[in-house]
Amino acid sequence: MNALYPQQEFESDVAAIKGFAELLIGGYQNPLGVRGTVKLRVPERPEHSFVARLDAQLHIDWTDLDRATDTTVTVPIATLKRLFREFEVIDFRDPAIIGTMEFSGNLDLANHLAKCCLRPSTFTVDWFRAVGALHRAKGYRDLTEVPYLHRPTQRQILELIAESCPAVITGLEPSPPCKDWTLDRLAQHYSDAVVRVRSATQSQTMRDFVRELKDFMANPYDEMVEGFVKPYTEGAQLPQQMWDDFGPLFFDREDFIPPQLWLGAVPTHVPTSSLHRDPRCGFLLQVIGRKRLDLYSADQEDLLYPYKAYNNYQPCWYRPQAPDPEVFPKAQQAKCLSVTLNPGEMIVQPAGWFHQVHALDSPNMSVSYFWRY
Ligand SMILES: [Fe+2]
């Protein structure tokens, strides 16, 4: 539990709304100088709605609620209280959260504000600090190559994790069959498996998803169209039917939180995930196409401008693909370790390594597992 916000229940709706505003102020950062206004409307308590003005600081205004703002976000009081109770674990992609909220206007501003209410657990903060010290002691920022291990034993992998050293594992074939997959083979093999959940009421089977993906590839629509949703599973839970072929390797399935599926059309000219780090040891199995991971050791934290408000993973303000030395001068000293993952290869990435992922081919498919420990 984060020491700043020990209160989990509120005396009243008004106390919850005030507490939420404090939470936003406490997590606010704005190095890129975003400007704008967001009205946060609580339908059950309209008189206690507020306007957040994003500037160098975050200003909360409780009066003049009828003014025009760049963005309006409507959050039911039950969702707002849930955000407060669960800010260490909440995921805005959860249909039970996002499906209850309404947005209008500039969504980037809403997105910026939403992140401010997240907080890391004490476990995560302590873990990142310990990993940073270990990486410094090991001199990992000067590492120029990721080690490769062919058909390693469980013990070898545990030793790598204990040293917080990333490695690529090869030789996984022929069992499990994690190579030579195509879209058609996936559609045939897992036709009824649910691979994407868009909302509380909308989900999609592998058969339908592959059909949409192939239509998209034959006739890619404009990415700028409003409401654009590219055919991409974006880390949806790996369906049970796929676990036999793609389930976690080397350890018991119970050792992992449910695996995630990254399947679909992805842009190859921009990163598929922006620079961030995870508090758990991750395994990424590449299945279709290639991916490149750019890794930065945890002791380079001060060079990468990580968010202070985060929970399940820690993003960075600095974007290596668009460096801005005036805003992020220290990032020029950061040392990157790049590794390309081919189909059938898996990377073990101990907790705390910053990383950015680029898809080198589209369509692309990977499965990720995170260790519980
Ligand atoms: Fe990650």
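Start by selecting Gly352, which is buried, with a relative accessible area of 1%. You are looking at a predicted model, and this glycine sits in the loop between strand E17 (346–349) and strand E18. Now show what surrounds Gly352: leaving aside neighbours within four places in sequence, its contacts are Phe128, Val131, Arg277, Asp278 and Ala298. Gly132 and Gly352 are 220 residues apart in sequence, yet their C-alpha atoms are 7.5 Å apart in space.

From that contact list, follow Asp278 to the metal. Which protein atoms are the donors of the iron ion? Select His276 (NE2), Asp278 (OD) and His355 (NE2), lying 2.2 Å from the iron. Along the sequence, these donor residues follow the spacing H-x1-D-x76-H. Asp278 lies in the loop between strand E12 (273–277) and strand E13 (282–288), while His355 belongs to strand E18 (residues 354–359); this pair, 77 residues apart, links distant parts of the chain. Both Asp278 and His355 are buried.

For the last stop, move to helix H4 (residues 107–115) and colour Leu109, Ala110, His112 and Leu113, which are buried. Turn the view until you look down the axis of H4: the buried residues fall within an arc of 160 degrees, so they line one face of the helix. Next, bring up what they pack against: helix H1 (13–26) and the strands E1 (36–41), E2 (50–54), E3 (58–61), E4 (71–74) and E5 (102–105). Finish at the N-terminal end of H4, which is capped by Asn106: one of its side-chain oxygens lies 2.9 Å from the backbone nitrogen of Asp108.

Conventions
Residues numbered from 1 in each chain as written. Predicted model: local features only at pLDDT ≥ 70, side-chain atom pairs only at ≥ 80, totals over all residues. Heavy atoms only, no water. Buried < 20%, exposed > 50% of the residue type's maximum accessible area, 1.4 Å probe, protein only. Helix = DSSP H or I, 4+ residues; strand = E, 2+ residues; numbered from the N terminus. Arc of directions from axis to C-beta. Contact = heavy atoms within 4.5 Å. Polar contact = N/O pair within 3.5 Å; in protein donor to acceptor, adjacent residues only side chain to side chain. Donors = N, O, S within 2.8 Å, 3.2 Å for Na, K, Ca; no water.
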